[in-house]
Amino acid sequence: MKIETTNRTMKFKTVHQTRAPETYRPGKREKVTDLSRQSQNRLKEKLKTMQNPSYFLTLNIHDKAFFNIKGFEARNRKATRLMKKLTRELERKGYNGFVRKELKIRKSGHYQGQVLPHYHLVLDKEISSALYSELLHTWAASQGLSERECRRYGTTLFDGQAITDLNKVIQYMTKDADDRAIEALKGAPTGRHWYEIGQVKYEEPTTHDFTNNPKGFFRIKRAIKNYAARMKEQYSTRCKKLSKALQFRFNGAFQDVTVFVPRVISERLISYHLATT
């Protein structure tokens, strides 16, 4: 039994039986049609433990890129190719991070009322002004836009800024898929909703071993659950006064649980319950 803490997470790990390797057969991956809660939590945990999340990008695709392409699946494949081209360029420049695809119903333009993707990126380094201009040109040119159109639609197509509020960015990256857009697709495959680019570095966790002290392990786990319940109640009654740093939720089954909580709180709880065990 172990507890691993980082600056923003607290993971409870227990050793439990699994299937024997010779009898285990992984199931066939089905087509992705929605963003599951488990997938959201995996992305959230990775973002919380990522080293130096520094830059946030929002990328939109111009209507011109989809001309003469019929159907959502074909347009989605086109958007994926455009995104892969840009992420390869970022990888060559030494950038690492995460890409989140968001499906939305267009509110204007030639494809008004139809579902099309746009993208959000979190990168581990800030983008210089020279590289920003270069990437903007690459992104616009890959959609068949001229220099004039690139300047005209620049901030609409390619908008980036340094990360000042990481909690807000993580909330944006891991928000639920648009129900109206998913419903409009009627079960059509959407492809992966997020993926990693480059080789992202993660924080090294501090490990507390409770193998010889299971009572202390479950006391801390129970205390965290009670603490989470109190925070949720306080958040509902005085939403504006509660610090965003104290908002977290559980991920996983009863045995292995990840809690999104600042290190100062997790270390304080561990040291207190170790001293009283």
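This briefing describes side-chain contacts, a pocket and a cavity in one protein structure. The model is predicted, and every value below is computed from it. A search of the whole structure finds eleven salt bridges, and the structure also holds five aromatic pairs. The second largest pocket has a volume of about 400 Å³, while the largest cavity has a volume of about 30 Å³.

**The salt bridge between Asp63 and Arg106**

- Among the eleven salt bridges found in the structure is one in which the side chains of Asp63 and Arg106 meet, with a distance of 2.5 Å from N to O.
- This pair links distant parts of the chain, since Asp63 belongs to the loop between β3 (55–59) and α2 (72–92), whereas Arg106 belongs to the loop between β4 (97–105) and β5 (115–123), 43 residues apart.
- Asp63 is buried, because its relative accessible area is 13%, and the cut-off for a buried residue is under 20%.
- Arg106 is buried as well, with a relative accessible area of 18%.

- Lys104 forms a salt bridge with Glu102, in which the closest N and O atoms are 3.7 Å apart.
- Lys104 counts as partly exposed, at 31% relative accessibility, whereas Glu102, at 5% relative accessibility, counts as buried.
- Lys104 also meets the side chain of Asp178 in a salt bridge, with 3.7 Å from N to O.
- Asp178 counts as buried, at 18% relative accessibility.
- Through salt bridges that share partners, Glu102, Lys104, Lys175 and Asp178 are joined into one network.

**The largest cavity**

- The count of cavities of 30 Å³ or more comes to one, and the largest cavity has a volume of about 30 Å³.
- Two members of the salt-bridge network, Glu102 and Asp178, are in the lining of the largest cavity, together with Arg100, Lys101, Leu103, Ala177, Ile182 and His193.
- Strand β4 gives the largest share of the lining of this cavity, namely four residues.
- By residue type, the lining of the largest cavity divides into three nonpolar residues, one polar residue and four charged residues.

**The second largest pocket**

- The second largest pocket, with a volume of about 400 Å³, is lined by 20 residues, of which Asn60, Ile61, Arg106, Ser108 and Thr156 are the closest to its centre.
- Arg106 therefore has two parts in this account, as a partner of Asp63 in a salt bridge and as a lining residue of the second largest pocket, and its relative accessible area of 18% counts as buried.
- At least two residues of the lining of the second largest pocket are supplied by each of β4, β5 and α5 (154–157).
- Strand β5 provides the largest share of the lining of the second largest pocket, with four residues.
- The lining of the second largest pocket comprises seven nonpolar, seven polar and six charged residues.

**Contacts that involve aromatic rings**

- One of the five aromatic pairs in the structure is formed by Phe56 and Tyr172, whose ring centres are 6.0 Å apart and whose planes stand at 85 degrees, so the pair is edge-to-face.
- Phe56 is part of strand β3 and Tyr172 is part of helix α6, so the pair ties together parts that are 116 residues apart in sequence.
- Phe56 is buried, with a relative accessible area of 9%, whereas Tyr172 is partly exposed, with a relative accessible area of 37%.
- The ring of Tyr195 has the charged end of Lys84 over it, at 4.4 Å from the ring centre.
- The face of Tyr95 has Lys125 lying over it, at 4.8 Å from the ring centre.

**Ala140 and Gly154**

- Ala140 lies in helix α3, which covers residues 129–141, and Ala140 counts as buried at 1% relative accessibility.
- From C-alpha to C-alpha, Ala140 and Gly154 are 8.1 Å apart in space, while in sequence they are 14 residues apart.

How values were computed. Residues are numbered from 1 along each chain as its sequence is written. This is a predicted model: local features need pLDDT of at least 70, side-chain atom pairs count only at pLDDT 80 or more; totals for chains, interfaces and linings use all residues. Side-chain values use heavy atoms; hydrogens and water are left out. A salt bridge is a side-chain nitrogen of Lys or Arg within 4 Å of a carboxyl oxygen of Asp or Glu. Buried means under 20% relative accessible area, exposed over 50%, partly exposed in between (1.4 Å probe, protein chains only). On a 1 Å grid over the protein atoms alone, a cavity is a set of points where a 1.4 Å probe fits but cannot get out, and a pocket is an open set with protein on both sides within 12 Å along at least five of seven lines; lining residues have an atom within 4 Å of a point. Grid points are joined across faces, edges and corners, and a volume is the space filled by probe spheres set on the points. Ala, Val, Leu, Ile, Met, Phe, Trp, Tyr, Cys and Pro count as nonpolar, Asp, Glu, Lys and Arg as charged, and the others, Gly among them, as polar. Rings of Phe, Tyr and Trp (its six-membered ring) pair if their centres lie within 6.5 Å; planes under 30 degrees apart count as stacked, over 60 as edge-to-face and the rest as tilted. A charge sits over a ring if NZ of Lys or CZ of Arg is within 6 Å of the ring centre and within 35 degrees of the ring normal.
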